[in-house]
Structures are given as structure tokens and as C-alpha cells.
2 protein chains.
Amino acid sequence: MHLRKILMVIATFASLNVWATKPLPDKVPVPADNPMSTQKIELGKMLFFDPRLSMDGTISCNSCHNVMFHGGDGRPVGAGIHGQRGGRGSPTVWNSAFYTVQFWDGRAASLEEQAKGPVTNSVEMGMTSHDLVIERVRQIPGYIAAFKKAFPKEKNPVTTLNLTRALATYERTLVTPNAPFDKYMKGNKKALNPQQIRGWKLVQEIGCTSCHAGEIFAGEGFKMGEGNFQPFPQIPGSKYDKMYDILADKGRYEVTKKDEDKNVWRVPTWRNVAITAPYFHNGKVKTLDEAVRVMAKTQLDADLNDAQVADIVAFLNSLTGEFPKQTMPVLPATPNFSITPDP
Amino acid sequence: MHLRKILMVIATFASLNVWATKPLPDKVPVPADNPMSTQKIELGKMLFFDPRLSMDGTISCNSCHNVMFHGGDGRPVGAGIHGQRGGRGSPTVWNSAFYTVQFWDGRAASLEEQAKGPVTNSVEMGMTSHDLVIERVRQIPGYIAAFKKAFPKEKNPVTTLNLTRALATYERTLVTPNAPFDKYMKGNKKALNPQQIRGWKLVQEIGCTSCHAGEIFAGEGFKMGEGNFQPFPQIPGSKYDKMYDILADKGRYEVTKKDEDKNVWRVPTWRNVAITAPYFHNGKVKTLDEAVRVMAKTQLDADLNDAQVADIVAFLNSLTGEFPKQTMPVLPATPNFSITPDP
């Protein structure tokens with residue numbers, strides 16, 4: 001097994017800490033052409049929560065990436081307008097600023113690019129065009145004012161580009177610092193209990209951290225726009241392929257149509273993984289211990305015993321961060337009329 | 001026309017200010033058996049935002065009574081699980097504490113009673129029983145702790161009754177003070193402009209305030225649990241009955257099955273009416289000026305000219321209050337597993 005040999009080598013490197021793992025940084029990467037500002041954050045937050053960005057006024061970004069519910073939705077797959085279901089789970093928006101590519105298949109190179117997707121996806125927010133989104137936003141006086149404040153140098157700031165910039169800017173504020181693991185890495189050796197430390201050693205020894213490295217455990221050393229893509233399963237043929245229907249969705253292949261991208265996915269973060277069940281692209285695995293077993297087997301051909309699984313789960317629980325308090329936005333009105341069409 | 005005569009008498013009384021209208025009070029009515037507490041408010045807020053109280057994890061109280069969007073949803077009718085639509089619009093939750101009965105048809109005597117309804121309504125949140133709700137809540141460690149804090153004297157506080165008490169307690173914090181009209185009534189004569197003052201006089205003269213009286217303009221002098229019920233249309237036969245399908249929903253008759261309750265409704269508040277379009281029980285009227293025309297004709301047989309409509313709309317805009325800043329709740333997790341069932 002060619003792949004398996006490569007993995008063993010990777011695992012060895014991993015246990016030598018070639019891929020160092022760091023605490024979550026205080027600052028997120030910010031693109032030069034979209035600097036942070038309070039006005040942009042406030043605008044982005046309003047847009048993020050606004051169901052009028054969906055065709056029938058039922059779905060906002062927050063419906064699936066619920067920032068009050070750890071950034072996901074707790075459901076196997078996303079839910080869109082008219083009760084439609086997507087094919088994949090909703091990745092948590094918290095700490096998404098640290099990802100170098102966005103979406104399960106990494107098809108967006110930035111948060112700005114990502115933000116364009118769901119709005120016009122027919123099974124998500126279902127707007128028939130981005131122009132229609134802008135047309136609707138322009139009917140809301142409070143948004144016109146807020147766009148002007150957020151983009152003060154532009155004459156006509158209400159554009160799709162600026163809408164995505166504001167959304168991305170808000171999303172860059174969604175960071176969960178001070179997980180027990182971060183405290184541990186910064187020197188507080190009591191921040192992890194002995195079981196969590198055993199789990200931390202184990203994920204390095206068996207090779208999980210060859211992919212789950214870096215500040216959000218989603219890859220180390222990748223530039224923005226460059227994805228940490230890996231096959232899932234690495235080693236096809238385990239009982240889990242069928243049990244959880246792992247192979248049905250071809251992942252990155254659907255983007256590139258290249259054979260080598262079949263069942264290839266962006267490596268997802270471990271940050272807050274304990275509180276963002278269910279697991280994997282199709283959400284078919286409901287518990288973290290089963291997710292650990294599946295990963296160990298399908299990616300590293302490792303059969304873990306119950307104690308090992310428990311140790312790793314304990315360690316993963318040390319990656320639950322603090323969710324900073326946020327104020328709710330007040331969505332701007334359209335005084336004296338409604339812009340939401342009939343269903 | 002018997003009714004018309006009665007109305008004229010009522011209108012006369014109204015213009016004599018028999019039904020005084022007051023600024024919004026600082027304090028809401030609170031039932032003796034459910035006193036306010038910070039812990040109950042915090043718990044109620046979490047529950048209000050939690051989509052796990054719906055069958056498939058897609059709908060929370062806030063989905064239709066969106067506190068960030070002036071307490072409603074901007075849609076003609078509410079939307080529930082599986083893309084289902086209700087038959088009536090979602091009344092704003094802001095200032096609902098001042099209503100003496102709840103729901104369009106007044107079928108609940110309190111906010112506590114109201115809170116029980118949508119959770120198990122098959123086209124809203126769709127839970128198959130209140131026991132299932134409690135079973136689910138009991139799987140969430142953070143809720144068990146929060147219920148204990150909110151109801152410290154009870155051994156097993158996670159009950160349907162306490163869930164509705166917490167929700168109602170949170171809702172009692174949703175008050176929008178300091179509307180221009182309130183400032184005007186408290187002595188600031190510049191808080192209303194001349195057009196708004198004309199509108200204010202007009203609604204008294206033509207008789208709107210015979211029903212739309214009191215602090216939230218939904219009735220004056222009613223005790224908690226006692227409804228201000230009125231037929232809509234008062235005077236059937238106008239073009240609007242068909243145009244907006246006013247008669248299709250029998251309103252309070254569906255609750256009491258009494259003939260005199262056919263097309264009878266709770267008088268809705270005017271507070272924030274300018275920013276809570278669309279209008280009426282079926283949400284078929286999309287603009288406030290048309291809503292004013294419809295009401296004048298169907299309730300008072302008055303044909304208003306455009307200037308009168310504009311004056312009344314200007315006045316109604318003076319009833320838009322301030323929406324106090326709120327912090328977002330952090331919904332408690334179920335660490336290491338998901339409790340949301342497949343759709």
C-alpha cells in the first residue's frame with residue numbers, strides 16, 4: 001500500500017514535531033485590500049443576521065452558521081429556503097478567518113469569496129442573482145447609510161464586493177481564544193489534565209497532527225488561498241466507507257473534475273470540535289468518539305482501543321475556546337412597507 | 001346601519017379623550033407567580049434563540065419573532081419546519097408584555113401560555129410533544145444548570161411550566177421606550193412635527209383611538225387575560241374584503257366557535273407599526289398607507305384623502321421606539337454529540 005507507507009513517514013515526522021502546533025493567535029490574517037474597521041464590522045454583523053438576503057426572508061447567514069450556537073447549526077446538513085436541505089454540514093464560522101481556503105471543498109480562496117456563495121445557492125438562501133440582493137439592500141435606508149460609513153471613499157458603496165467585504169470583516173472578529181490547550185501551550189501546565197496530555201501525545205504519535213497541525217489544527221505553513229487538501233478516506237475499504245456513506249460525495253472533484261481530487265477535502269479545524277457535532281462533510285457521525293475511531297481507521301489505518309479514543313476525545317475537549325460576548329445588531333427597517341415577497 | 005351609528009358614538013367619545021392614551025410605562029406588568037430575575041431572563045433568552053426546541057433544529061422563537069428585526073419577521077405569514085407556512089403573520093414580540101391577551105385571536109391569557117403554542121404547532125416548530133422538548137433540554141448540561149439557577153427552590157426545575165416562565169420573563173424585557181410620541185406626551189412639544197400632530201388629532205377625531213387606545217394603542221382598561229376583541233371588518237362589504245381576503249380566516253371564531261366571534265380579532269398594537277410591515281392577520285397589505293386606508297374604511301366607514309392618510313402615517317411613525325442593546329446568548333452545547341435528529 002503506497003499511501004499507507006507515505007502516511008507512516010508523515011506520522012513519524014509528526015511525532016518529531018516537524019509540524020509545530022501553536023496557541024490561537026490574538027490577530028487574524030486580514031487581506032490588504034479589506035482592512036478591518038468598526039463600521040465594516042457593524043455592517044457585516046447586520047448583513048450576517050439579515051434574512052432579507054434570502055429569497056423569501058427565512059434564511060440568514062446565521063441560520064446555518066449560528067454564531068450563538070458555536071458557529072454551526074448542530075444539524076447533519078445545512079437547511080435552506082422552502083425546507084430544502086444541502087448535501088453538506090455547515091462548518092463553524094468561528095475561527096474561519098484562520099483557514100487558508102473556505103468551504104468543505106476549499107473552492108473559495110477567501111472569506112470574501114465564500115460570502116458570495118450561499119446567497120445565490122438555490123438550496124440555501126436562493127436569491128436569483130447578486131444584483132437582486134443589491135437591489136433589495138438599496139431599498140433599506142439604514143443599509144445605504146451603513147455602507148457609506150463602512151466605505152466612506154466610495155460614491156456608490158452598495159455593491160456585491162463591499163457586501164462580501166463587510167461580511168468577511170465581521171467574520172474575522174469571530175475568534176475563540178483561551179482554550180485550555182492554548183493556556184497549556186503558553187505555559188500553564190495545569191490547564192490540561194493527565195488524560196488530555198495523554199490524548200495530545202497520542203494524536204502526535206499516531207499521526208493525526210500530520211494534517212491537523214497549525215493554530216487551528218487544519219494545516220501548517222499554507223498561504224492564504226492555498227488549501228490543505230487530503231483524501232477522506234486516505235485508505236478506502238474500511239467498514240466506515242459504507243456505514244457513513246463517505247464516498248458518495250466526491251468533494252473537491254466536484255470543483256476541479258480531476259480524478260486525483262475524488263473524495264478529497266479541506267482538512268477541517270479541531271478548534272471547538274467537541275461542541276460542533278455532528279461530524280464530517282455529510283454530518284453522518286453524531287458523536288466525537290466515533291469520529292475519532294473513523295478518522296484513525298480511514299486516514300491512518302489505526303484501530304484504537306476505547307481508552308485511546310477516550311484520551312483523544314478528552315484532548316479535543318481542551319480545544320473548546322471562549323466565545324466573546326457580542327451585542328445583537330438591530331436590522332435596519334424599511335419604514336412603512338415590507339420588501340419580503342410572498343413565499 | 002346599526003354598527004355605523006355605534007361607531008359614530010364611539011368616535012365622538014374618542015375625540016373627547018375618554019380613552020386617554022399614555023406614554024409607554026417604564027415597567028411591564030409581571031404576574032405574581034413569575035417574578036422577574038436576571039437568571040430567568042438569561043435562561044429565557046437562550047431558549048428563545050435555540051433552534052433545538054424545534055423538531056429538526058431549524059426554527060427558534062426568534063425565527064419568526066426576530067428581536068433584532070423589530071420583533072417580527074417582515075414576512076406575510078410565519079414560516080415553520082420543512083418550509084411550511086402558517087396562516088397568520090408573526091406579531092412583534094417587542095412590547096408584547098403590555099398585551100392583556102396573546103396571539104392574533106387572543107387565545108392565550110399570558111405570555112407564559114403563549115410560549116407553549118408554537119413549540120408543538122406542527123407547521124411552526126413541530127415538536128411532537130412538550131415532553132419531547134423537556135427530554136431534549138435535559139440532555140443539554142448547560143440548560144440543567146441554567147434552570148437550577150433560574151428556579152433555585154425547585155428540585156427538578158426542567159419542566160414545561162418553567163420553560164414557558166423563563167421565555168415569558170425574557171419577553172418582558174423587550175420594551176421599546178422613548179418613541180417621539182412618548183417624548184411628546186411627557187412634555188416635549190417639539191418631539192412631534194406639525195404633520196404628526198395633525199395625524200394624532202385625526203386618529204382621535206375619526207375614531208381610530210376608540211380601539212387603539214392605551215399605552216400600546218391596543219386597548220385601554222382591560223385586565224390581564226381579558227381581550228380587546230373587535231370585528232375586522234367592522235363594516236363588511238367594502239372592496240377591501242375581497243382585495244385582501246379579509247374574511248377567509250374566521251379569527252376568534254376558530255377558538256370559541258361562537259358566531260359572534262366570526263372575523264373577530266385582538267386589536268393589535270400601534271407601537272413600532274411603521275417598521276413591522278406587512279399588515280393584518282394575513283400579512284396581505286404591504287404598505288402602511290394602504291393599511292390606514294383599509295382600516296378607516298372597514299372599521300369606521302371613512303374614506304380618507306391622500307393628505308389625511310399621509311398625516312396618519314406620519315403620526316404612526318412617531319410610535320417607533322428605541323430598541324435597547326442586547327447581548328447575544330451563547331447556547332449551551334452537548335459536548336461530544338449532537339441531539340438534532342436527521343430531517
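Helices here are DSSP runs of H or I with at least four residues, and strands are E runs of at least two, numbered from the N terminus. The expected span of a helix is 1.5 Å times one less than its number of residues.

Housekeeping: this is a predicted model, where local features need pLDDT of at least 70, side-chain atom pairs count only at pLDDT 80 or more, and totals for chains, interfaces and linings use all residues. Residues are numbered from 1 along each chain as its sequence is written, while chains are lettered from A and ligands numbered from 1 in the order in which they are written.

I began with H13 of chain B (residues 306-317): its 12 residues reach 16 Å from first C-alpha to last, close to the expected 16 Å. Then I checked burial (buried is 20 or more other C-beta atoms within 10 Å of a residue's own, exposed 12 or fewer, partly exposed in between, with C-beta atoms placed from the backbone). The buried residues of H13(B) include B:Asp311, B:Phe315 and B:Asn317. They pack against H9 (194-205) and H12 (288-300) of chain B, contact being C-beta atoms, placed from the backbone, within 7 Å.

I looked up B:Lys149 too, in H6 of chain B (residues 141-150). B:Lys149 sits 125 residues from B:Ala274 in sequence and 39 Å from it in space, C-alpha to C-alpha.

Key. Two residues are in contact if their C-beta atoms, placed from the backbone, lie within 7 Å.
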